[in-house]
Amino acid sequence: MGQTVHDTVSVSWLRDHRGEPDLLVVDASTDFTVLDDATFTLESGRAAYAAAHVPGAVFADLLTDFADPASDQPCTAPESERFAAAAGAIGIGDGVRVVVYDQHDGIWATRFWWHLRLEGFDDVAVLDGGLPAWRAAGAEVSDSPVTPTPATFTARRRPGLIRSTNEVEAATADDKFLLVGVLDAATYRGETDVFARPGHIPGSINLPIDQIRDPETGALRPLEELRALFAAAGLLDPAITPVTYCGGGVAATGVAHALALVGRDDVAVYDGSLTAWTADPALPLVVGEQPG
């Protein structure tokens, strides 16, 4: 059995350990395209995976296999039974270590990292910088098909890591929680028309996800810088539980992952995020700089 993985690993670590029999590499890429009118499209990343992936990596389709088919929102977390079946089908189970990456900015990898932790699986790490960092380092990629070896995944859901709209509404009046909007400042202030209504959830602070990464390399900022960033935002206070949200529950997992790296492994994610919140005209929104 190889050594335990941590919440993030480097390209050099993966190059050294790839091929170990209990290590499974997972490509969780999703094709996310922002259009000129600020709306976006989502498509499976399977084609990109087929064209180039870390040799031996299997593919996790976050829009189909690892999403709730009954939801009117993409990427909604499925029931534990569906997740367990999909995870087992690509080879994730007892005694397996997982390293997940994506081919873009890392939020799809952290979404899958969060999914696994939500269902009680901890031996999962995110490849820092994803496939772009892998390729930049000169590591080989492959277009060869990979047939997963099925495993048995036992789901043990941690309900504390996910929040519903009703729970977030209650949290706005509970000082034991700190809501964190991770989208850009203009969206937080209500200056964009991406969602059904503009603004942010009352009481929430703004910590844009781009602040946790190096803008040139896409790699996470050093841990001491992340710790200082989160401390300044009040997110390391043990008396509060951070709840992150974004547009649809994906980018929110990026900040949850970075917080886990500095010791906050109890962060909850609002799965519906602004897509769900703004769809209900009875739920309040705040426009402007202040949390409200």
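**View 1. Helix α8 passes helix α9 in a left-handed crossing.** A crossing counts as left-handed if the near helix is turned anticlockwise from the far one by less than a right angle. The model is predicted: local features need pLDDT of at least 70 and side-chain atom pairs pLDDT 80 or more, while totals for chains, interfaces and linings use all residues. Residues are numbered from 1 along each chain as its sequence is written, and side-chain values use heavy atoms, without hydrogens and water. Helices (H or I, at least four residues) and strands (E, at least two) are DSSP runs numbered from the N terminus. The axes of α8 (residues 223-232) and α9 (residues 251-261) come within 9 Å and cross at roughly 110°; axes are lines fitted to C-alpha atoms, for helices over the stretch in contact, with angles from 0 to 180 degrees between N-to-C directions. The two helices are therefore roughly perpendicular (65 to 115 degrees).

**View 2. Residues of α8 and α9 in the crossing of the two helices.** L223, L226 and F230 of α8 and V255, A258, L259 and L261 of α9 make the contact (heavy atoms within 4.5 Å).

**View 3. Helix α9 is largely enclosed by the rest of the structure, because 11 of its 11 residues are buried.** Buried means under 20% relative accessible area, with a 1.4 Å probe and protein chains only. Among the buried residues of α9 are T253, G254 and H257. Their cover includes β1 (8-9), α4, β7, α8, β11 (241-245) and β12 (268-270). After α9 comes G263, with a positive phi near 110°.

**View 4. The largest nonpolar core has 58 residues.** A nonpolar core is a set of buried Ala, Val, Leu, Ile, Met, Phe, Trp, Tyr and Cys residues joined through side-chain atoms within 4.5 Å. V26, I92, F112 and F230 have the most contacts inside the largest core. Elements that each supply at least two of its residues include β2 (23-27), α3 (80-89), α4 (107-118), α8 and α9. Leaving aside neighbours within four places in sequence, F112 is in contact with V26, A28, A60, L62, F66, F83, I90, I92 and V100. Another core, of 17 residues, lies apart and has V11, L14, V25 and V54 among its members.

**View 5. C75 has a positive phi of about 75° although it is not a glycine.** C75 is in the loop between β5 (58-59) and α3. With 4% relative accessibility, C75 counts as buried.

Note on methods
Angles under 35 degrees count as roughly parallel, over 145 as roughly antiparallel, 65 to 115 as roughly perpendicular and the rest as oblique. Buried means under 20% relative accessible area, exposed over 50%, partly exposed in between (1.4 Å probe, protein chains only).
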